[in-house]
Amino acid sequence: MIGSRAFLLPATLLLAACNREQTAVDPQLAAEIAGIKAIDNHAHPVLAAPGDREFDALPVDHMEPQSDPAALRPGSFKTPFTADSKAAAKREHGDQYPAWVLDQIGVEIMLANRVAMGTSVGPPRFRWVPCADALIFPLDNSLLAAKNSDRTAFFALEDKLRARYLAEAGLSAMPATLAEYVARVVTPTLERHKQGGAVAEKFEAAYLRSLAFDAADAAQADRVYRTGTPSAADYKVLQDYLFRYIAAECGRLGMAVHLHTAAGAGGYFDVSGANPLNLEGVLNDPTLRKTKFVMVHGGWPFTREITPLLEKPNAYLDFSSQSLLLSPATLAVTLREWLEHVPEKVMFATDAYPYSNEMGWEEGGWIAAHNGREALGRALTGMVRDGAITHMRVVELARMVLRDNARALYGF
Ligand SMILES: [Zn+2]
C-alpha cells in the first residue's frame, strides 16, 4: 500500500506539470496569431448613432432573471474600454466608430447579424447577415407564444419583422396559398437581402423551436398554410417546408445559411432542441448540397457531436460565444479536436453583442477576440508539441481559422 501511494503521488504531480506546460502558447506563435487580421464570422455590431435596436431580430436583454454565466457578470472581466473612452472615441470617429472598434480587436471584416445595416455599420468592414426566422412562422403564432414569457416576447418580434418583410414585398395582407407566399414574399425577401449585400441568412430558430427540420411535403404544407391556425404538430410541417425552401433558395442565390447551434440566453431556452445533430437530415438532403450551412457557436455544449458533422461537404462552424463564455483552456481542447478532424471548416468569431451596460459589443468583441486567439494558440502549440503537425503547418492553420476559411466560404 505504501509503495503504491509513493508511486502515485509523483505521477499525479507529473501529470499536473504536463497539463500546465500544455497550456502555455509558444511565444513566436502568439505573436503570429496577434498579427493576423481576423474575419469575425458572427457578431452584432451596434450603429454609432444612439438608440439602435436593430442589432438582432430577437434582443435578449429583457428576459426573466436566470443564473447568468460567470463570464458575463459585472466585475468578472477587464477590457481597455471604459464608458469615458468609448464616448471620446465616438466623438472623435463619428460614423467610423464601429470600424475603429474592429481595429482595436484585430478584426478586418465582421459579419453583422442585424435586421438592417446602417451608414456606420456597412461594407467593406461589415458584411450583412439578415434574419430569416420570421419567414418560417407565417401564421397565427399565439399558441407558440403562450409557451413562456421568452417565447411571448420573441414571437411578437418575429410577427413585427414578418409584417415588415410583407410591406417591403409590397403586400398589405398574407397571400392565400403557400405557393403565392413563397413566390411573392419569401423569395423576393431573400433576393432583396442578397441585393442589399447579404452573404448569409441567419436562423435563430433554436430560440423558437427544435432544429429538427424534417423533410416536408409541399401539398401537406399548403393545406396547413390555408388553415391559418394549425395545431403545433401541423404547424411544424409548414415551418419545416419553409426552412428547406429558404435553404435551397440561399444555395441558388449564393448565400450561406447561419444557424444558432448552442445553448442560448434565457431560463426557458430548450438546450436539447439546439443539438446540431438535429440538423443531420438537412445536411444529408441531396437537394440542399449547394447550400453552405454554418453552425454558429459550434454547437456548445454538443461540441463532440458536431465534430463528425464537419465531414458533410456543406457543413461549417464557428466558435463565437464559446470564445466569450469559456476560458481559453476549455475552448482549446475543443478547437484541437476540430482542427485534427476537418480544419478548413472551423472559423473564428466573437458574437460581440450589447449584453449590458458593462458588456457592450465592444467589450464582448475584445474579450472573445483575445480569448479566441489565446485558445487557438494553446490548441496549436499542443499539436506541434505532440508531433501532430509541423511548425510550417501551424501558422497556416492559424491563418485558416482566423480568416482564410471564411474567405474561401464567402469569396471575400
Ligand atoms: Zn449572435
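Helix 16 bends by about 60° at Met400, the bend being the angle between axes fitted to the seven residues ending there and the seven starting there. The model is predicted, and local features need pLDDT of at least 70, side-chain atom pairs count only at pLDDT 80 or more, and totals for chains, interfaces and linings use all residues. Residues are numbered from 1 along each chain as its sequence is written, and side-chain values use heavy atoms, with hydrogens and water left out.

Helices (H or I, at least four residues) and strands (E, at least two) are DSSP runs, numbered from the N terminus. Helix 16 covers residues 391–410, 20 residues in total, and spans 28 Å from its first C-alpha to its last. That is close to the 28 Å expected at 1.5 Å a residue, where the expected span is 1.5 Å times one less than the number of residues. Met400 is among the buried residues of the helix, which also include Val394, Leu397, Arg403, Asn405 and Tyr410; buried means under 20% relative accessible area, exposed over 50%, and partly exposed in between (1.4 Å probe, protein chains only). After helix 16 comes Gly411, with a positive phi near 75°.

Strand 5 (residues 256–260) and strand 6 (residues 293–296) run parallel and are joined by four bridges. Val257 stands opposite Phe293 in strand 6.

Pockets come last. On a 1 Å grid over the protein atoms alone, a pocket is an open set of points where a 1.4 Å probe fits, with protein on both sides within 12 Å along at least five of seven lines; lining residues have an atom within 4 Å of a point. Grid points are joined across faces, edges and corners, and a volume is the space filled by probe spheres set on the points.

The largest pocket has a volume of about 870 Å³. Its lining has 37 residues, and Val60, Gln66, Leu72, Ala265 and Tyr355 are the closest to its centre. The lining divides into 17 nonpolar, 11 polar and nine charged residues. Ala, Val, Leu, Ile, Met, Phe, Trp, Tyr, Cys and Pro count as nonpolar, Asp, Glu, Lys and Arg as charged, and the others, Gly among them, as polar.

The second largest pocket has a volume of about 420 Å³. Helix 3 gives the most to its lining, with four residues.

Note on methods. Two strands pair if DSSP finds at least two bridges between them.
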